[in-house]
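Here is a set of questions and answers on one protein chain.

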Amino acid sequence: MRTSIGRFAVLLTVLLPVTLPAQASTPCALYDPSCLPPNVAREFRGVWIAAVANIDWPSKPGLSTAASKRELLALLNRAKASGLNAVILQVRPAADALYASKLEPWSEYLTGKQGIAPSPAWDPLAFAVAESHRRGMELHAWFNPYRARHPSAKGVLSRRHIANTNPSLVRRYGTHLWMDPGEPAVRDRTVQVILDVVRRYDVDGVHIDDYFYPYKERDRNGLIEFPDSVPYGRYVAAGGTMTRDDWRRENVNLLVHELHDRIHEVKPWVKFGISPFGIWRPGFPEQIRGFDAYTELYADAKKWLNEGWVDYFTPQLYWPVAQVPQSYPVLLRWWSEQNAFAKHLWPGNYTSRVGEAGRTPWRTTEIEQQIDATRAEAGATGNVHFSAKVFLEDRDALASRLGKGAYVGQALVPQSPWLVVPEVGEPRAEVRRAEGGALSLRVTPAAGEQPRWWLVQHRQRDGSWRSALFPGGTRMIPIAAAADRVAVRAVDRASIEGPVVVMKVGRRP
């Protein structure tokens, strides 16, 4: 079994101006606690960046390339300053793309007109991946699997949009257009779109949200029935015996299971996550009341968790801790009990309720209590916050308080030991001092390896340690001038650490 516990290699060196020869140093013995860095916290600290209806980014359609980049960087910078370590970026709101795709048209939410590429040309997903990694944060690509048009869209659909290229797969449902989950070709298309991104981009995860069959809509005649009689009729004519409701749930199950398997076939290290509605069914557990996603959205989320078809599971627990019929900690415990394969449980939080205008707002203390409740549940190891705008606006000092309180200090994403990735070994490292006194760490991975991250820790002269993540392709890393110990280790794509190398930093001559 792989483990990073107790795998230490200590490199002893004196750090002097690079023009001077190395001199002997006092040994940094393994039994000396001052030589070894402390363990780094393990917690998923994520945030959704929503593109649909321009909720978070871009702030409006048709921004210039420069303005779009500035806005995205501002969101990433605030996420980093708030202590977050993962970004879940919406890249397919409605059968469109906020990245360069040959399969689907550019999104109206980006350029102002669907199918029109940004000018000057850029690829927002490639940019977001690189800039997130530069800041030591994971980037997960967020897809809506079935929605074809959202009511917030104003423009004309592109000729390349599925409603025009294959209208038999698309249904009008109330104010939406929806790709019919009962059509196998829709499932094939969604899988193809997602695998295209997995192949071409260095994403850390793939994420789908709670929109499976659409939330029910009404017209003047009452509840609108989803118009899927044709594919269901074909199913029955071919000998199928499931009721329509069970058949609908099975259509979604097939997509979830196939995505899990196919993503890992392409890149075994890419995590697959889902954020379903936070209540599976009313009465589970007994005190819970509310919306029945099992019957309304045909989402058997309990099955997906029971079967281990996810790498992480993010039920949207969008209610206060003290709200008994939808109690945050009670629901979290119930979901933890369903986690038969011990996959990651990272509940979603309705953080945008903090300081929200026009309704009863939450205070930052509510989110702090929810984080505390998550940490108190042994089966949960992180949170995902909806959405990024509340951090950028720092409502009720949310971002500031989390960055200095609950999320202070570096945290590594929890390990995913079930992912099949190569183990990382001991790097070669040395600290160099420039003529002006600035320190830098030169690090080289073990032969043939490409770590996901470098975990670099340095000890201040007051004895405290500081930690930071750097992309695995980095070779020169700046170090605080006051450091007297520097430790570095590789971290693989399953977030498992390799052996640590510790160096003593000599004082300037």
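Two strands pair if DSSP finds at least two bridges between them. The model shown is predicted.

Q: Which residue in β7 is the bridge partner of arginine 172?
A: Strand β6 covers residues 170-173 and strand β7 covers residues 176-179. The two strands run antiparallel and are joined by 4 bridges. In β7, the partner of arginine 172 is leucine 177.

Q: Which residue in the turn of the hairpin formed by β6 and β7 has a positive phi?
A: The hairpin leaves 2 residues between β6 and β7.

Q: Is aspartate 396 buried, partly exposed or exposed?
A: Aspartate 396 sits in the loop between α12 and α13, and its phi is positive, about 50°, although it is not a glycine. Its relative accessibility is 24%. Buried means under 20% and exposed means over 50%, so aspartate 396 counts as partly exposed.

Q: What is the phi of aspartate 394?
A: Aspartate 394 is found in the loop between α12 (388-393) and α13 (398-404). This residue is not a glycine, yet its phi is positive. The value is about 55°.

Q: What radius of gyration does the protein chain have, and what would a compact globule have?
A: The C-alpha trace spans about 85 × 55 × 50 Å along its principal axes. With 509 residues, a compact globule would have a radius of gyration near 23 Å. The protein chain agrees with this, at 25 Å.

Q: What share of the residues in the protein chain is buried?
A: The chain has 13 helices and 23 strands. A residue counts as buried under 20% relative accessible area. Of the 509 residues, the buried share is 58%.

Q: How far apart are the mean positions of the positive and negative charges?
A: The protein chain has 64 positive and 52 negative charges. Each set has a mean position, and the distance between the two is 6 Å.

Conventions. Residues are numbered from 1 along each chain as its sequence is written. This is a predicted model: local features need pLDDT of at least 70, side-chain atom pairs count only at pLDDT 80 or more; totals for chains, interfaces and linings use all residues. Side-chain values use heavy atoms; hydrogens and water are left out. The radius of gyration is taken over C-alpha atoms; the globule rule is 2.2 Å times the number of residues to the power 0.38. Buried means under 20% relative accessible area, exposed over 50%, partly exposed in between (1.4 Å probe, protein chains only). Lys and Arg count as positive and Asp and Glu as negative; His and the chain ends are not counted. The place of a charge is taken as NZ of Lys, CZ of Arg, CG of Asp or CD of Glu.
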